[in-house]
Amino acid sequence: MAVAEATAFAGAALVPGMPHLHAAEPAPSWAELAAATRAAGESIRAARPDALVMLSTQWFTVLGHQLQLDPNPRGTRVDENWYAYDYGELRYDLRVDVELTERWAQEIEADGLQARRTRYDDFPIDTGVVVAQPLLDPDGELPLALVSCNLYAAAEDLAGIAAAALRAAEATGRRVAFVAVSGLSSALTQRWIAPDEDAIGAAGNERWDRRVLDMLAAGRLDDVLALREEYAREASVDSQLRALAFLAGTGCLDRPADVLAYGPVWGTGAAVIHWRSP
Amino acid sequence: MASVFHVPVGDRTWQRRGAPGPLPVSPPAPAGAPAERRAGIVAGYLAPHPPHLLYAENPPQNEPRSQGGWESLRWAYEDLRTRLRALAPDVIVLHAPHWITMVGHHVNCVPNPRGISVEPIFPHLLRYRYDFRTDVDLAEAIADQALADGLVTRKLTTEGVRVDYATITALHLLNPDWDIPVVSLSANNNPYYYSTSSLEQMEVLGEATRKAIEATGRRAVVAGSNSLSHFHWDREPDLPEDMAAEHPFDNHQYRWDMRLLELIRAGRTRELRTFIPEHIEATESETKAGSLTWLLAAMGWPEGAGEVLAYGSVIGTGNAVCAWEPDGRR
């Protein structure tokens with residue numbers, strides 16, 4: 001890793017994107033995950049980044065890699081599944097680092113991938129970003145650079161997208177933290193439950209989730225990446241855990257991760273994981 | 001391209017819940033009532049929804065402008081519009097895959113959905129101002145019947161949920177005047193968990209839809225909005241409507257689509273029940289979202305009634321406009 005790249009890297013986190021983290025009367029695990037996401041945000045902000053580079057698996061796309069260039073996306077997200085709950089309607093007022101994102105798009109194109117610039121009024125920001133951003137950065141101090149998660153992109157391509165972001169940060173003199181908004185196992189409970197009923201939907205999924213989290217806490221990122229497809233297949237992992245491949249593309253996760261929380265959200269596995277900057 | 005895993009939605013607990021509780025059925029039409037005004041499902045359409053088709057029409061509600069394209073599919077929709085007018089239904093009931101509900105089957109019960117739908121995947125093609133009426137009585141009846149038949153359901157009554165591009169595209173192309181009330185059903189699946197709809201549940205939902213239509217005395221057209229083979233390009237040409245770049249993804253996909261369409265043309269509808277899962281396995285067909293199964297289940301898998309009006313590719317995916325009109329074409 002180049003010294004300049006290391007300087008540009010201000011840490012990384014993988015956080016959940018389910019809106020239950022904003023519930024007025026949360027399940028214990030939802031509250032723990034929300035608190036852990038806030039804690040990860042405090043650690044990230046302590047590393048003094050200029051921006052958050054964020055990929056959310058809930059902004060799923062199918063053509064190229066979309067990048068948000070609206071400087072101020074704002075509105076109300078009424079989730080199409082969770083609208084009936086207090087946490088189903090979330091306001092957002094985001095700042096986007098347009099200069100960084102534009103340079104990111106150029107770096108993606110330089111790698112031979114398709115960067116699709118997105119700047120439209122009323123563009124619907126996905127639930128994952130709207131959930132994670134206010135927990136990580138309650139005062140909205142940090143602008144964002146947002147990229148979609150192509151459903152069909154290879155993990156290696158998503159790693160390249162993150163590497164391109166780090167180069168863009170270096171080129172524009174930014175220090176950036178990387179955030180992937182993604183769940184883990186996905187045995188979603190297929191009925192309407194009360195918060196205190198929530199539990200990981202399959203015992204095998206929890207074993208897989210905890211195995212992977214233990215490996216990350218031990219600094220065994222490469223071993224997790226080698227297991228990624230098997231884990232994804234066995235535990236139906238959110239977007240095949242390509243969000244981790246994205247973060248790994250920074251080349252800066254070569255240290256034990258802090259696993260700040262793990263628990264269920266409507267049967268799925270969710271965790272907050274933080275990697276500190278050098 | 002990443003591998004795609006298939007995970008069936010749900011834990012099958014829905015099968016163990018309460019016994020079906022059918023809605024009271026409306027009295028039959030009085031003797032001497034014109035046959036063409038009979039209640040029930042009078043037609044079913046396979047109505048694909050790539051936003052490219054709506055974009056190519058350049059309707060005033062949609063902000064982007066195009067040079068056209070995908071004409072054979074759009075001309076088939078013109079045919080459907082003529083048929084729809086002749087049938088004069090009370091309501092169009094649509095199941096589409098991009099109102100994605102990860103828990104259960106939802107029915108839009110908002111009386112007047114309106115707003116702008118900027119499509120997050122294809123924002124350059126679809127930024128559409130919509131304003132339509134829901135047949136709330138029928139919408140609620142479908143949700144109630146589906147619940148009584150053991151499905152997890154929810155009635156959407158909250159304003160502000162963005163109407164998805166598939167619902168908008170299919171309904172616009174069927175009825176650009178939007179002067180027929182609508183019932184919109186969600187798809188119980190989740191792309192980022194790579195979970196697909198349970199076709200078994202879609203059959204139950206289809207049958208529940210039919211019961212509710214009959215119980216409320218509606219004269220209904222049902223429309224399932226699925227593409228067929230669903231592998232597609234991962235890049236788009238600079239001009240999205242550049243037809244020189246448009247062709248089936250590969251011959252394998254095309255051949256499997258033709259096998260499905262041959263069954264429809266031959267009227268061998270019941271065979272589709274077993275063929276649809278095979279077709280999904282072979283082509284990642286979007287029928288995995290269940291709209292086609294729902295449509296045909298609602299119609300009772302009618303033998304001998306299918307027509308294929310057009311087939312064409314959109315960014316490599318297979319798309320067909322099909323019609324089932326059990327009473328025959330007027």
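In chain A, 83% of the contacts with a separation of 6 or more are accounted for by residues 24 or more positions apart. The model under analysis is a predicted one. Eight helices and ten strands make up the assigned elements of chain A. Its radius of gyration, 17 Å, is close to the 19 Å that the globule rule gives for 278 residues, so chain A is as compact as a globular protein of that length. Taken along the principal axes, the C-alpha atoms of chain A fill a box of roughly 50 × 40 × 35 Å. Of the 278 residues of this chain, 61% count as buried.

Within chain A, A:Ile273 belongs to strand E10, which covers residues 268-275. A:Ile273 is buried because 25 other C-beta atoms lie within 10 Å, the cut-off for burial being 20 or more. When neighbours within four places in sequence are left aside, the contacts of A:Ile273 are A:Ala13, A:Leu14, A:Leu216, A:Ala257 and A:Val259. A further pairing in space concerns A:Ala261, which is twelve residues from A:Ile273 in sequence, with a C-alpha to C-alpha separation of 7.4 Å.

Helix H3 of chain A comprises 13 residues (98-110) and reaches 18 Å from its first C-alpha to its last, close to the 18 Å expected at 1.5 Å a residue. The buried residues of H3(A) are A:Leu100, A:Thr101, A:Arg103, A:Trp104, A:Ala105, A:Glu107 and A:Ile108. The cover over these buried residues includes strands E2 (51-61), E3 (65-68), E6 (115-118) and E7 (144-150), together with helix H5 (155-171), of chain A. After H3(A) comes A:Gly112, with a positive phi near 85 degrees.

In chain B, helix H5 (residues 199-215) contains 17 residues and reaches 24 Å between its first and last C-alpha atoms, close to the 24 Å expected at 1.5 Å a residue. Twelve of the 17 residues of H5(B) are buried, so this helix is largely enclosed by the rest of the structure. The buried positions of H5(B) include the charged residues B:Arg210 and B:Lys211, as well as B:Leu199, B:Met202, B:Val204, B:Leu205 and B:Ile213. Just after H5(B), B:Gly217 takes a positive phi of about 70 degrees.

Positive phi values also occur in chain B at residues other than glycine. For B:Glu284, phi is near 55 degrees, and this residue is found in the loop between helix H7 (272-283) and helix H8 (291-298) of chain B. B:Glu284 is buried, because 21 other C-beta atoms lie within 10 Å. For B:Ile315, phi is near 40 degrees, again a positive value in a residue other than glycine. B:Ile315 lies in the loop between strand E11 (306-314) and strand E12 (317-324) of chain B. B:Ile315 is likewise buried, as 21 other C-beta atoms lie within 10 Å.

The two chains meet at an interface in which 37 residues of chain B are in contact with 39 residues of chain A. On the side of chain B that touches chain A, the elements giving two or more residues are strands E3 (91-100), E5 (114-118) and E7 (153-156) of chain B. By class, this side of chain B consists of 21 nonpolar, nine polar and seven charged residues.

Technical notes
Residues numbered from 1 in each chain as written. Chains lettered and ligands numbered in written order. Predicted model: local features only at pLDDT ≥ 70, side-chain atom pairs only at ≥ 80, totals over all residues. Helix = DSSP H or I, 4+ residues; strand = E, 2+ residues; numbered from the N terminus. Contact = placed C-beta atoms within 7 Å. Expected span 1.5 Å × (residues − 1). Rg over C-alpha atoms; globule rule 2.2 N^0.38 Å.
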